[in-house]
Amino acid sequence: MLLKVAFKSLLNRKATVILTVLSILVSGFVIFGVEHIRQEAKSSFSRTVSGTDLIVGARTGQLNLLLYSVFHIGNATNNISWESYQELADRPQVAWTIPLSLGDSHKGYRVLGTTQDYYEHFRFGRQQPLELAEGESQMDVFGAVLGAEVASKLGYEIGDPIVLAHGTGKVSFSNHTDKPFKVIGILEPTGTPVDQTVHVSLKGIEAIHIDWRNGVKMPGPGISAKAVAERDLTPKAITAFMVGLKSKIATFGFQREVNDYRQEPLMAILPGVALSELWQMMGALENILMVISGLVLVASLLGMCTMLLASMRERQRELAVIRAVGAHPSFVFLMIEIEALMLTAAGIAGAITALWLTLISAQDLFSERYGLFIDVDFMSTRVLIIIGIMLGATAILALIPGLSAYRASLNQGLVVKT
């Protein structure tokens with residue numbers, strides 16, 4: 001009876017109820033969205049690379065090195081000479097290395113030049129290796145292995161030709177049209193930037209730039225792809241390289257050797273430490289977003305409380321009828337509380353539905369533009385706690401109009417004697 005009366009009462013005030021629910025919906029959408037994207041961003045970054053002890057690149061900030069080498073965000077300040085790479089890779093404490101060469105793209109997707117060690121030693125998530133969905137990874141000079149998203153979005157299949165572009169912009173006027181590549185493999189989805197990457201060999205990167213100088217193509221017809229393939233295509237430089245050590249104990253010792261390397265200015269970073277620094281920098285922004293979301297929520301709940309208070313004068317006849325049929329003032333008080341909880345619950349349900357639909361439609365946008373792989377399922381423990389806080393805050397704020405209705409019922413002098 002109490003629930004039915006409260007529901008019928010709300011139906012009599014459709015306009016104000018709808019506006020109140022919409023305000024709670026918007027605030028819930030914001031606070032749920034901020035919380036979910038914050039957690040998913042951390043998870044997406046954290047699972048991108050695992051099992052790598054150190055990342056070595058030209059001397060720069062460790063965050064910059066991490067972002068361009070692992071997440072393909074930004075650009076390197078300088079390269080590493082091939083001689084320095086080989087000298088460090090041959091150190092006795094080094095178990096394996098993965099050389100990385102960046103700087104080219106294909107229709108907005110980054111191109112990564114590497115070796116077969118990439119497919120053997122690169123790990124993501126919980127030490128998961130890369131796996132092929134089809135084709136092979138044994139690259140020749142002009143073979144390309146595509147990430148899952150590149151293949152699906154651009155509609156490529158095994159054997160299709162692709163042309164790389166100089167630079168990392170979505171639009172490039174410097175295409176390597178004279179030296180096309182052929183798709184030889186497509187990787188299984190990983191939920192990491194690997195999905196958005198075109199993988200070629202270091203020899204392939206060297207081949208397409210053999211008649212380029214300082215980022216500019218030399219005038220003339222250039223060297224044909226067939227003639228280039230017969231040349232010595234040992235790289236002159238790479239962008240960075242990942243290192244796996246034989247013993248974890250050697251990590252800091254090798255890092256110090258790299259940082260003190262005299263042939264050229266290099267630095268080695270621990271991926272986990274660099275990620276921790278990134279989260280510390282983002283912590284202030286996260287807190288600001290959560291505070292803003294909380295303030296929006298409080299404003300919505302206060303608006304609901306104000307609406308219920310303002311409706312008390314209009315509902316004098318309704319309350320009188322309820323008392324006349326024998327309802328105790330506590331019934332009126334509980335009815336107001338339930339109305340408030342109904343409004344908040346409706347807003348929460350709407351926010352959950354709206355966020356779910358938004359995540360489904362915006363998944364591709366997040367992955368393509370920001371390299372974030374956002375899971376549609378956002379009902380985590382923290383979100384459930386937030387829902388509990390919202391309902392608890394509603395119950396507390398509804399005490400104000402509830403007590404007002406309670407006093408009004410007492411003042412009407414319609415107490416039924418039993």
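**Exercise 1. Is Ile-37 buried, partly exposed or exposed? Also work out where Ile-37 sits and how far its C-alpha is from that of Phe-378.**

*Solution.* Keep in mind that you're looking at a predicted model.
- Step 1: get the relative accessible area of Ile-37, which is 29%.
- Step 2: compare that with the cut-offs, where buried means under 20% and exposed means over 50%. Ile-37 is therefore partly exposed.
- Step 3: find the element, and you'll land in helix α2.
- Step 4: check the partner. Ile-37 and Phe-378 are 341 residues apart along the chain, yet 8.8 Å separates their C-alpha atoms.

**Exercise 2. Describe how helix α2 packs against helix α13. Which residues make the contact?**

*Solution.* Two packed helices are described by the angle between their axes and the distance between the axes, so let's get those two values.
- Step 1: α2 covers residues 14-46 and α13 covers residues 381-397; their axes come within 10 Å and cross at roughly 155°.
- Step 2: angles over 145 degrees count as roughly antiparallel, so that's the label for α2 and α13.
- Step 3: for the handedness, α2 makes a right-handed crossing as it passes α13.
- Step 4: pick out the residues. From α2 you have Ile-24, Gly-28, Ile-31, Phe-32, Glu-35, Arg-38 and Gln-39, and from α13 you have Arg-382, Val-383, Ile-386, Ile-387 and Met-390.
- Step 5: sort them by class, and the α2 contact with α13 comes out as 7 nonpolar, 2 polar and 3 charged residues.

**Exercise 3. Start from Leu-63 and list what it touches. Then say how its helix, α3, is oriented against α10.**

*Solution.* 
- Step 1: Leu-63 lies in helix α3, and its relative accessibility is 12%, so Leu-63 counts as buried.
- Step 2: setting aside neighbours within four places in sequence, Leu-63 contacts Ala-274, Glu-277, Leu-278 and Met-281.
- Step 3: for a C-alpha check, take Ile-269. It is 206 residues from Leu-63 along the chain, and the two C-alpha atoms are 9.0 Å apart.
- Step 4: zoom out to the helices. The axes of α3 and α10 come within 9 Å and cross at roughly 105°. That angle makes α3 and α10 roughly perpendicular.
- Step 5: list the contact residues: Gln-62, Leu-63 and Leu-66 from α3, plus Pro-271, Val-273, Ala-274, Leu-275, Glu-277, Leu-278 and Met-281 from α10.
- Step 6: by class, the contact of α3 with α10 has 8 nonpolar residues, 1 polar and 1 charged.

**Exercise 4. Take the phi values of His-72 and Lys-107. Is each residue buried or exposed?**

- Step 1: His-72 has a positive phi, near 60°. Lys-107 also has a positive phi, about 55°, and isn't a glycine.
- Step 2: His-72 is in the loop between α3 (62-70) and β2 (80-81), while Lys-107 is in the loop between β3 and β4 (109-114).
- Step 3: at 13% relative accessibility His-72 is buried, whereas Lys-107, at 56%, is exposed.

**Exercise 5. Sum up the whole chain: how many helices and strands are there, and what share of residues is buried?**

*Solution.* 
- Step 1: the protein chain has 14 helices and 17 strands.
- Step 2: of its 418 residues, 47% are buried.
- Step 3: among contacts with a separation of 6 or more, 78% join residues 24 or more positions apart.

Notes. Residues are numbered from 1 along each chain as its sequence is written. This is a predicted model: local features need pLDDT of at least 70, side-chain atom pairs count only at pLDDT 80 or more; totals for chains, interfaces and linings use all residues. Side-chain values use heavy atoms; hydrogens and water are left out. Axes are lines fitted to C-alpha atoms, for helices over the stretch in contact, and angles run from 0 to 180 degrees between N-to-C directions. Helices (H or I, at least four residues) and strands (E, at least two) are DSSP runs, numbered from the N terminus. Angles under 35 degrees count as roughly parallel, over 145 as roughly antiparallel, 65 to 115 as roughly perpendicular and the rest as oblique. A crossing is left-handed if the near helix is turned anticlockwise from the far one by less than a right angle, and right-handed if clockwise. Contact means heavy atoms within 4.5 Å. Ala, Val, Leu, Ile, Met, Phe, Trp, Tyr, Cys and Pro count as nonpolar, Asp, Glu, Lys and Arg as charged, and the others, Gly among them, as polar. Buried means under 20% relative accessible area, exposed over 50%, partly exposed in between (1.4 Å probe, protein chains only).
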